[in-house]
Structures are given as C-alpha cells and as structure tokens.
Amino acid sequence: MKDEAPQTMPKFLRTLSGTVCTPPALWLMRQAGRYLPEYREVRAQAGSFLGLCYNPDLAAEVTLQPVRRFGFDAAIIFSDILVVPHALGQRVEFLDGEGPRLDPVTNAKAVSSLSPDRARTCFDPVYEAIRKTVGRLESQTPLIGFCGAPWTVASYMIEGGGSPDQRAAKLLAYKDPKTFQTLLDLLAETSADYLIGQVDAGASALQIFDSWAGSLDDDSFAKFVIQPTAKVVQRVKAVHSQVPVIGFPRGSAAYYSKYLSETGVDAIGCDTAAPLDLMTRIQIQRPVQGNLDPLLLLSGGDAMERRVRAILDTLSPKPFVFNLGHGILPETPVENVERLVNLVRTTV
Ligand code: CP3
C-alpha cells in the first residue's frame, strides 16, 4: 500500500490512492436519474435526453441534485456513454422507456465515415457542464468524468442498441477482425481524448464503464476489453499521470486481477456477482468499489440492511468505495437511498 494521502484530500480520492477511510467513501452509479423527482422535473424541461446531456446548465444541475440530497462523496458528470458514437456522427436516439437506438455500423464503409474531427467540437458542452459543476461543488466532493469502454460502446454501435448477447458485435469481430479493430482503435483514441478533455475541464477521477465485458471468452477478453482499455488508460496517463482511473468490467470477476495489472487502472468497480472474498483478495492489489445489488436497494428493508452490513464488515478494513454493483434502478424509493447512506455512514 502507498503512503497515507494527506487528510485534506477528499475521502474518495484518498481511498483511490490506497488509504483506508472510515466510514468508506460512498457514491452510486447512475446517482442522477429518474428515481429522483427533481431529475424528472429537469428531464421534462429539457425535452430530449441528449438535449439534457448537451445543455451545460441543466446537466450541471442534475449532476448536483443527488449530492445535495444525500451528501455523496463524489459527483459523476451527467452524460452518457453514447455521446461518443453520437459525436462521431452516428445517429443516436433515446426513446422513452425503450433505451437507446442507433443506426447500426456494420461494415468498413460505415466505420470509415465516422469523424473524429466532428467529435472534438461535440464534446464542448460536456466540458462546459463539468466547469460549471466543479465551480458549484464543495472542495471535498470531487467530480468523476467517464466514458464507455471501446468494447461496450462498439457493441452498441454495431447492434444499434443494447442486446442480451452482443451477437452482431461478436460476429463482426470474428468475421471481419480488421474492420472491428479499426473501430476499437478509433473508440480508444476518441474516448481517451474525451477523458483528457474532462480532466482539463475539472474532473478529478475517471471511470471507464465496460458493461458488456462479461460475455467474452478469455482470448476475446484480452483483445477487446484489456487491450483497448489499456490504450485508453495509457493515453490519458501520458497527459494526466496523477488522475485515478476506475475500471468497471461488468460480469468479469474471474479476470479482475489480470484486468488490473494489464490495463493500468487504479481501482476496480465490482459488479453484484463478484464474491466478497474475491474482492478482499483484489484489495491487496488495489482499492475496490461496489457492489450492492441495485435490486436490494430497490427492495430495502432487512434484506438490504443485512447485505450492506456484510459488505461493510468484509471490505471496509482495506481501501474501499461503497457503491452498487450496477446502476440505480428508476423505481428505487428515495427513502431506501436515504437509509443506505445512513447505514454506510453509521455502521463502521
Ligand atoms: O451515473 C450517473 O449519474 C451519470 C450519468 C450516466 C448515465 N448513463 C445517464 C443516463 C452514466 C454514467 C451512464 C452510463 C451508461 N449509459 C452505461 C454504462 C453503465 C451501465 O448502466 O451499464 C450504459 C450501458 C449506458 C447506455 C444507456 N443510456 C442505456 C442502456 C440507457 C437506457 C436505459 C435506461 O435506464 O433508460 C441510457 C439512458 C440514460 N443514461 C438515462 C440516464 C439517467 C435514462 C434516460 C432518461 O432519463 O430519459
């Protein structure tokens, strides 16, 4: 473990640098979202979801909402992993209640028509939202910037939306590896530039979401998850060597140790299916974050309390950030989030 970080550093950043903090730092994936009435109000005002992502004032406002309400130890900039394909020129739509829809990118021609130059200017409103947010946050609440990992974003781009098995993305990867690799490389470069821009604008930690990392064999995991993520991390660290990066390779507990050592991320976000004893072993290597089941948070009650206590007992003796194992669900009662915050703050 590294030397103790100074007490003046925010708890979340101290934890990521390897210091044990008691009670642990706490934030929730998708903490800004539809479970909050104040989010639904702003969302209705903004019209479209992407309109909200690209409106710096409104994006800053919804980023701050959960921090104001619950006093989380970090904010995460309100945006989406699909702003990257959108910025590259792909048509992206968010239909209410149906999730994202994209015009699928299925061949070399479609990949070559994506424009990294266009992307650069498209990100400006996100950077502006970050500047506005950081200006309004207290110094003890750092802002997390983020992007999707190349594999997860590529799978949305190729499928044209979410899919249970990433069938179209895998078939393209297996049948036309050159085109697929070109897309992964383009995404790694664009995403790294995007993360660098977010740090330049004021983000003080980063998270890379690889939501579909769990569906690959070990060879493909190395090629599609580890290598492109390592490329993103290297490019970011070449410019901002000190910024901590959290990787979230969902559904890949079997590969955590390899992922940590080969991608160069500073900490790992663990999903709900990661066993706590495995997480404690990983903590010897790096800080971990996670992994309460979002459905336990939705249910609340004794079942949630028992599990929160088990997580805290097991993980808080070593560097640990309390979080969910995946994003908060829109139907989650606000009272359950209040209860969770209370438990985490008072149990240890
Ligand atoms: O965490 C935060 O509060 C920051 C904002 C954030 C959003 N999406 C806002 C959002 C973050 C970090 C994301 C990441 C994201 N987006 C991921 C990776 C994490 C994960 O959940 O696996 C993925 C795969 C996406 C793609 C995406 N965006 C989907 C599949 C959907 C539809 C599903 C749904 O919940 O409706 C979105 C839309 C989206 N992104 C919403 C929010 C608040 C809901 C849309 C709305 O408010 O109308």
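**The pocket and its ligand**

Author: Strand S4 gives the most to the lining of the largest pocket, with three residues. Strands are DSSP runs of E with at least two residues, helices are runs of H or I with at least four, and both are numbered from the N terminus. This is a predicted model, where local features need pLDDT of at least 70 and side-chain atom pairs count only at pLDDT 80 or more, while totals for chains, interfaces and linings use all residues. Residues are numbered from 1 along each chain as its sequence is written, and side-chain values use heavy atoms, with hydrogens and water left out.

Reader: What counts as a pocket?
Author: Take a 1 Å grid over the protein atoms alone. A pocket is an open set of points where a 1.4 Å probe fits, with protein on both sides within 12 Å along at least five of seven lines; lining residues have an atom within 4 Å of a point.

Reader: How many residues line the largest pocket?
Author: There are 43, and Arg30, Arg34, Phe49, Asp80 and Phe94 lie nearest its centre. Elements giving two or more residues to this lining include S3 (92-95) and helix H9 (150-159).

Reader: Where does the ligand sit?
Author: In the largest pocket. That term asks for more than half of the molecule's atoms within 2 Å of the pocket's grid points.

Reader: Which residues come nearest to the ligand?
Author: Arg30, Arg34, Tyr39, Arg43 and Ser211, out of 22 around it. To be near, a residue needs a heavy atom within 4 Å.

Reader: And what are the polar contacts?
Author: Those are pairs of N or O atoms within 3.5 Å; within protein, one must be able to donate a hydrogen and the other to accept it, and residues adjacent in sequence count only if both atoms are side-chain atoms. A backbone N or O atom of Arg30 is 2.7 Å from a ligand oxygen. For Gln31, a polar backbone atom lies 3.2 Å from an oxygen of the ligand. His326 uses a side-chain N or O atom, 2.7 Å from a ligand oxygen.

Reader: Back to Arg30. What is its phi?
Author: Positive, about 60°, although Arg30 is not a glycine. Arg30 is placed in the loop between S1 and H2.

Reader: New topic. Where are the cis peptide bonds?
Author: One joins Thr22 and Pro23, with omega about -10°. Another joins Gly290 and Asn291, with omega about -25°. Pro23 is in the loop between helix H1 (11-16) and strand S1 (25-26). Asn291 is in strand S9 (residues 288-292).
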